[in-house]
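I opened the notebook to record what I looked up in this model, entry by entry.

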Amino acid sequence: MKTVALPAARAGSTQEGGDPVATFRRGGLPLLECHGISKQFGAVRALIDVDFDVYSGEVVALVGDNGAGKSTLIKAIAGIQPPDTGSFRFEGNEVKIQSPGDATRLGIETVYQDLALCDNLGTVANLFLGRELVGPPPLSALLHLLAEPEMERRAADQLRDLRVTTISSVHSPVATLSGGQRQAVAVARATLWDAKLVILDEPTAALGVTQTATVLELIKQLRAQGLGIVVISHNIDVVFEVSDRIVVLYVGRHVATFEQATTTREEVVGAIVGLAPAEPKQPHRAA
Ligand SMILES: Nc1ncnc2c1ncn2[C@@H]1O[C@H](COP(=O)(O)OP(=O)(O)O)[C@@H](O)[C@H]1O
Ligand SMILES: [Mg+2]
């Protein structure tokens, strides 16, 4: 990894004045640390010795051209496609992420571009899909009665916590919702179960201007709740609007890290097309 070192004065400027965006990294350990991640598909080296970290309460934009390795990296973090080599630390502890269950147990949730919602079901049913709450024993357990009022209450609470106010009926099929609302339902589902890190793959790709703004507010809300967030986006305006740090992959390598507050679109685009200045890889913190 080559980290674009910020001049001391610029880096320091984000540490002062109570900037809420910068407070997350004062002294703390990263929520997630990926070290030396490599993944090869036949002759294609999709990821080459990638280091990547995310802190609680920050939004990291993961950017790069098509084929740069973004999806491969998030699939590794989500346990869908374990890397060939490399290690993970979560909340400071070395962890194995070899299956989606491993990631979920740690509190890592991923919202993929297709959202994986059931269109014919309502918001409540989608939020609890596969993790339905059952009513009080013994009768409910015997009859497989679901705790509908409880699920409805928790769904409403969750949407309110995320400041999602436009979904008028939590029982209408999600097919009837707008693209932004559907993204909100997918995010609400991902964060319903004690998520600590949420990965969003192109959350605004299919959305118009107003709905994009809604989703960006939602991401900021997650950050305000102290979650770590990784956003993949091709939209440089979205990247600058919502992220605290910008990590650039280029042909499988982590070539640059920028502080959003102190960088320019030109610098980021330059790194995306392979113009990042070379820097030596940082030594890894000893276990
Ligand atoms: N399952 C796979 N089989 C073979 N090659 C793959 C597979 N997944 C990804 N690749 C290759 O790995 C590289 C990185 O892909 P990917 O992570 O999807 O990039 P990005 O998401 O940044 O567009 C590309 O060259 C891609 O063709
Ligand atoms: Mg991809």
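The entries below concern a predicted model and take up a helix pair, a loop residue and a ligand shell.

Entry 1, the helix pair. I looked up how helix α7, residues 179–191, lies against α8, and found that their axes come within 8 Å and cross at roughly 15°. Because angles under 35 degrees count as roughly parallel, I noted α7 and α8 as roughly parallel to each other, with α7 passing α8 in a right-handed crossing. On the α7 side I listed Gly-179, Gly-180, Gln-183, Ala-184, Val-187 and Thr-191, which meet Gln-211, Thr-214, Val-215, Leu-218 and Leu-222 of α8. By class, this contact has five nonpolar and six polar residues, and no charged ones.

Is Pro-203 buried or exposed? I placed Pro-203 in the loop that runs between β7 (197–201) and α8 (209–224), and I recorded it as buried because 28 other C-beta atoms lie within 10 Å. Setting aside neighbours within four places in sequence, I found Pro-203 in contact with Val-111, Gln-183, Val-215 and Val-231. I also noted a separation of 10.0 Å between the C-alpha atoms of Pro-203 and Ala-186, which are 17 residues apart along the chain.

Entry 3, the ligand shell. I listed the residues around ligand 1, among them Phe-41, Val-44, Asn-66, Lys-70, Ser-71 and Thr-72. The strand β2 (44–54) and the helix α2 (70–77) each supply at least two residues of this shell, and the largest share, three residues, comes from α2. By class, I recorded four nonpolar, six polar and one charged residues around ligand 1.

Notes
Residues numbered from 1 in each chain as written. Chains lettered and ligands numbered in written order. Predicted model: local features only at pLDDT ≥ 70, side-chain atom pairs only at ≥ 80, totals over all residues. Helix = DSSP H or I, 4+ residues; strand = E, 2+ residues; numbered from the N terminus. Buried ≥ 20, exposed ≤ 12 C-beta atoms within 10 Å, placed from the backbone. Contact = placed C-beta atoms within 7 Å. Near = placed C-beta within 6 Å. Nonpolar A, V, L, I, M, F, W, Y, C, P; charged D, E, K, R; others polar. Axes fitted to C-alpha atoms, helices over the stretch in contact; angles between N-to-C directions. Parallel < 35°, antiparallel > 145°, perpendicular 65-115°, else oblique. Left-handed = near helix turned anticlockwise from the far one by under 90°.
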